[in-house]
Amino acid sequence: MKKALVLGASGGMGYSLVRELSKRGMKVKAFARNEKKLQLLFDDDPNVVIKSGDIFEKENLAAAAQDVDIIFQSANIPYSEWHSRLMLMMNNIIAAAKQNSAKLAVVDNIYAYGNAGQNVMETHPKIPCTNKGRIRLEVENTIKESGVPYIIAHFPDFYGPNAANTILHVTMQNIIQNKRAIFVGNQTIPREFIFTPDGAEALVNLAFHDQAYGENWNIPGAGVITGEEIISILRQLTNYQKKVMTISKRMIQMLGLFNREMREVAEMYYLNETPVILSGKKYMERFGSIPQTPYREGFRQTLEHLQQSIN
């Protein structure tokens, strides 16, 4: 594997995937819609070629995938567009992979597992309990039936450098700016998050092993952590003194009366109340330890990146 295409390269996991691949000496095409943002993120990296374009344009995507060995799919779209456009997006990606005889490594979430509980392994039945979970399962089955060599990696919620569309990002951004911060969900419930550079390293590790293809892989974070513990660590790192407001499901539902995206977010709130916790046993048995940066260090690096972006 010598050349890769990363879709959604301007997002949290996409950014970390580009950096991880480049660190290993691979030539990387970084694909996203916003060319200026791609330039800001990657212009300093000689291993990276910027490819801006529309993932919904087949020809655009196929041209970007020319001569690559593998496509890393980390692009996403707003929840409100999942029903009408998520499958279209994946079909375009599959077509680009087939046209260029490329493998496919897919960044996926935990929605298809439904309310699966803790220590969830890849053999756990996928019984979605939400519309979004059912859509993700449909997309997964389409990938498996496509004939393209694939890896599907399931991750918990992200945090990390450039991971803007995440619930912890909102908390950290307000703290670093010394504004009134919020935390989504009950702060006493232990949950799981993954530092995006860890997730990228784990997925790239899999991509380099032929025997990893044709399978699903669960990639857990560095254990579970409560909201109270998160806020405590963030206070220690920043000397933040203000109160942190808890955002409940009812609050999100109220916002949903005026905002379509908030209505969609409310459907997934169950993950804050009965979290799905992944098991990494299969990965560890086959390929060794999973990259797991301790939360305190991951938060420190994320805050540092946020501070640099503000300055």
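This is a predicted model: local features need pLDDT of at least 70, side-chain atom pairs count only at pLDDT 80 or more; totals for chains, interfaces and linings use all residues.

Modeller: Residues are numbered from 1 along each chain as its sequence is written, and side-chain values use heavy atoms, with hydrogens and water left out.

Colleague: Which strands stand at the edges of the open sheet of seven strands?

Modeller: Strands are DSSP runs (E, at least two residues), and helices are runs of H or I of at least four, numbered from the N terminus. Two strands pair if DSSP finds at least two bridges between them. The order here is β3-β2-β1-β4-β5-β6-β10, with parallel pairing. Each edge strand has a single partner, so one side is left without a neighbour in the sheet: these are β3 (48-52) and β10 (215-218).

Colleague: How many bridges join β5 to β6?

Modeller: Strand β5 covers residues 103-108 and β6 covers residues 150-154. Ala-105 stands opposite Ile-151 in β6. The two strands run parallel, and the bridges joining them number five.

Colleague: In the open sheet of three strands, which strands are at the edges?

Modeller: The order is β7-β9-β11, with mixed pairing. An edge strand has a single partner, so one of its sides lacks a neighbour in the sheet; that holds for β7 (157-159) and β11 (224-225).

Colleague: Which residue of β11 does Glu-192 stand opposite?

Modeller: Strand β9 spans residues 191-195, and two bridges join it to β11. These two strands run antiparallel. Opposite Glu-192 stands Val-224.

Colleague: How many of the 12 residues of α1 are buried?

Modeller: Buried means under 20% relative accessible area, exposed over 50%, and partly exposed in between (1.4 Å probe, protein chains only). Helix α1 is mostly covered. Its buried residues include Met-13, Tyr-15 and Leu-21.

Colleague: Is Lys-179 buried, partly exposed or exposed?

Modeller: Lys-179 is found in the loop between α6 (167-176) and β8 (181-184). Its relative accessible area is 45%, so Lys-179 is partly exposed.

Colleague: Leaving aside neighbours within four places in sequence, which residues is Lys-179 in contact with?

Modeller: Contact means heavy atoms within 4.5 Å. Lys-179 and Val-244 are 65 residues apart in sequence, yet 9.7 Å apart in space, C-alpha to C-alpha. With those neighbours left aside, the contacts of Lys-179 are Asn-174, Tyr-240 and Lys-242.
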